[in-house]
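Please look at the sequence and the structure before reading the points below.

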Amino acid sequence: MKNFNLDSLPREKFCTLPTPIQPMKRLTDQLSSVNLYIKRDDLTGIGFGGNKNRKLEYILADALLQNVDTVITEGAVTSNHCLQTAASAARVGLNCELVLSDSHIGDRVAGNLLLQHILDVKIHRVKDSSDRKAMMVKVADDLAVAGKTPYIIPTGGSNKIGILGYINFVKEIAQQAKEMDIKFDYFVHATGSAGTQAGLLAGKKLYYPEMEIIAITVGDGKEEIISSIKEIIKNFEVLHTIDLDIKDEEIIVLEGVFLDPVYNGKAMIGLIDLVKQKRFEKDANILFLHSGGGPAIFAYDEYFQ
């Protein structure tokens, strides 16, 4: 679209890109009817890697343009987004404060929480996820009173700036598909705070219109996620004076079963189930997103033991 130039927008290039696309040969053989590939966004390079780093390249660029000194964000104690925000902030020289809600790990310092302690970020604990946003505002107000310049990053980096990371992601896939001489028919991923899916849908319109985006929810209900996607895309369109014309039927959110504590585990179970239900035509090329989050596994050791 002629009014949109992704390369002209502010960006801190700290990710290791492009991340590889690899064939999943064993799973393809087991399922037999489709060709499965995996996009390794667990290898983006900062804070054990993960998809949020792509969003943070643009979000932290915006923060630096506003001359802030401290970023604040929120999530569960095991949040991958919070870890990647803390690590990325350190990379560009910003302070970071996190608002974390309690989870099953209680007072244990494990997984992403351990890594956040190693990064020496200031952590504010609240009991419930519904308390996090109010606490972020309080932290920002207290920092301002102390003479600091804070910048609040929403859950998952999911806003009109963060989605640029996944618009660029689809542009990257389009180039890789061309180099691999392959057409990806479907892209399957986990969806939570809606920003990744919003970026994928916008990127699809701009760079890879023939690829269908399918998301499997790992938390919030389907309608809530769809509403969030529409809001983020609308704000993006207003900011860039662009009309992506994304139809309701293009926003595909499937509800998954909570079978393991990792985003990608839930989404993969959903993908396998979709293949067994014959949701995809025979020999379709399906690309699955590995969005990172490996350290979170260590906070769930008791379940695996």
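The points below treat the chain as a whole and then turn to one residue.

The structure is a predicted model. The chain contains 10 helices and 10 strands. Its radius of gyration is 19 Å, close to the 19 Å given by the globule rule for 305 residues, so the chain is as compact as a globular protein of that length.

**Dimensions and surface**

- The C-alpha trace of the chain spans about 60 × 55 × 35 Å along its principal axes.
- The accessible surface of the chain amounts to about 14,000 Å², and carbon and sulfur atoms account for 50% of that surface.

**Burial and contacts**

- Of the 305 residues in the chain, 54% count as buried.
- When contacts between residues at least 6 apart in sequence are considered, 80% of them join residues at least 24 apart.

**Charges**

- The chain carries 34 positive and 40 negative charges.

**A closer look at Asparagine 168**

- Asparagine 168 is located in helix H6, which comprises residues 164–180.
- Is Asparagine 168 buried or exposed? Its relative accessible area is 11%, and the cut-off for a buried residue is under 20%, so Asparagine 168 counts as buried.
- Leaving aside residues up to four places away in sequence, Asparagine 168 touches Leu6, Arg11 and Tyr58.

Notes:
Residues numbered from 1 in each chain as written. Predicted model: local features only at pLDDT ≥ 70, side-chain atom pairs only at ≥ 80, totals over all residues. Heavy atoms only, no water. Helix = DSSP H or I, 4+ residues; strand = E, 2+ residues; numbered from the N terminus. Rg over C-alpha atoms; globule rule 2.2 N^0.38 Å. Buried < 20%, exposed > 50% of the residue type's maximum accessible area, 1.4 Å probe, protein only. Contact = heavy atoms within 4.5 Å. Areas by Shrake-Rupley, 256 points an atom, 1.4 Å probe, with all protein chains shown as cover. Lys, Arg positive; Asp, Glu negative; His and termini not counted. Charge placed at Lys NZ, Arg CZ, Asp CG, Glu CD.
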